[in-house]
Amino acid sequence: MISGKTRLAGIFASPVTHSLSPLMHNTAFQARSIDAVYLAFTVDQTNLMQAVESIRTFNMLGVNLSMPNKTAVIPYLDELSQEAQLIGAVNTIVQRANRLIGYNTDGMGFMRSVNEAGVAIKNKKITVLGAGGAAKAIVIQAALDQAKEIVIYKRKNATFTSVVADFEKVAEQTNCPIIVKDYADTEQLKKDLEDTDLLINGTDMGMGAKKELMPIDPQFLHKKLAVFDLIYSPKETRFLKEAKAIGCLTRNGLGMLMYQGAIAFELWTGETMPIEEIQPLLDSKE
Ligand code: NAP
C-alpha cells in the first residue's frame, strides 16, 4: 500500500518502457516490507539536470540510470565511487543526507554472476570481445578484483586509439595489465584464447538485427573456457549454444542484470535483494 511515508526510487532513461528494473525492485520492496516504489521515467539530455535535482526535491532513495544518461549525469553529482570514477559512467545514484553519490554497479553485478557460477577472477586471464560501455565496466571491475591479465578485442576504427589510451590509464591505476588488440587479428585471438580462463562477449552480436551473428568463430573455443555473453534476450545466443556444445561453462547476461540491480537495492535500503524471488521472474521474461 502507498502511504504518506512511501519513498520513491526509479530509473532515468530513454527509451525506458522496456526496462525490467521496476519489476525487480518493486518485487524486492514488497518481499522485504519496505515502504517504497520504483517507477520508470523518460529522461534524456533535455531534462536530465531537473530530473537529478528532483532526487533531492522529493527525497528519493535514489535512481538507476541507463542510456543516454550514464556519463552525462556526472556533472550533477556531489561525489563518485572509485569504480564510477574509473569507468566514467554512473548507473546508480544514492541520496544520503541531501548528497547525491554516483556508483556503477554493472561491473560488480557481473562479478557476482561470475562468482555464482563458481568462476574465480583473481589471477585469471580474461578475454573481452568489444569495448563499449558494458565491457568497460566489467574490465575495470576485473582489474580492481586483481585479474592476472585482461585482453580486449576491438575493431580498429575511429575510436581505437582513444580506447587504447583509456585502458592504459586504467592499467596504471589498477596495476593490472590490460591490452587492447585488433578484432580482425583472428590468429592472435586464437592464441590468446588458448590460455584464457574467462571469455566475455561484450558486443551486441547475437541479439536484435544481429541475432544470427557470432562474435567469434566457435572453432576457437575449448572446453576449459568459461563463456559469458552479456546478452540476455535471446536467453541463449547462437554463440552460447555453440560454446555449451563444446563443453564450456556458459552464462547469459541475466545474472549481470539481476546483480547490478541487487547491489543498487543494497545501497538504497541496506537490505539484500531476495534473489530467489527475482530470478524466476526474470527467467520467465522473453
Ligand atoms: P556499446 O557501448 O554500443 O558497445 C558495443 C561494442 O560492440 C562496441 O565495442 C562495438 O565495437 C562492438 N561491436 C558491435 N558490432 C561489432 C562487430 N560487428 N564487430 C566487432 N565489434 C562489434 O554497447 P553496450 O552498452 O556496451 O552493450 C553491449 C552488449 O551488452 C549488448 O548486447 C547489451 O545488450 C549488453 N548489455 C547487457 C547488460 C546486462 O545487464 N546483462 C548491461 C549492459 C549491456 P566498436 O567499439 O568497434 O564500435
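Me: Where does Gln 146 sit in this model?
Reply: Gln 146 is in the loop that links helix 5 to strand 8 (149-154). Keep in mind that the model is predicted.

Me: And what's its phi like?
Reply: Gln 146 has a positive phi, about 65 degrees, although it is not a glycine.

Me: Buried, exposed or partly exposed?
Reply: Gln 146 is partly exposed, because its relative accessible area is 47% and the exposed class starts over 50%.

Me: Which other non-glycine has a positive phi?
Reply: Ser 33 has one, at about 55 degrees. Ser 33 belongs to the loop between helix 1 and strand 2 (36-42), and with 67% relative accessibility it counts as exposed.

Me: OK, on to the ligand. Which residues come nearest?
Reply: Ala 131, Ala 134, Lys 154, Asn 157 and Gly 253 do, out of 21 residues around the ligand.

Me: Which helices supply at least two residues of that shell?
Reply: Helix 5 (133-144) and helix 9 (254-269) each do.

Me: Last topic, cis peptides. Where is the one at Pro 234?
Reply: Pro 234 is in the loop between strand 11 (226-229) and helix 8 (238-246), and its cis bond from Ser 233 has omega near 5 degrees.

Note on methods. Residues numbered from 1 in each chain as written. Predicted model: local features only at pLDDT ≥ 70, side-chain atom pairs only at ≥ 80, totals over all residues. Heavy atoms only, no water. Near = heavy atom within 4 Å. Helix = DSSP H or I, 4+ residues; strand = E, 2+ residues; numbered from the N terminus. Buried < 20%, exposed > 50% of the residue type's maximum accessible area, 1.4 Å probe, protein only.
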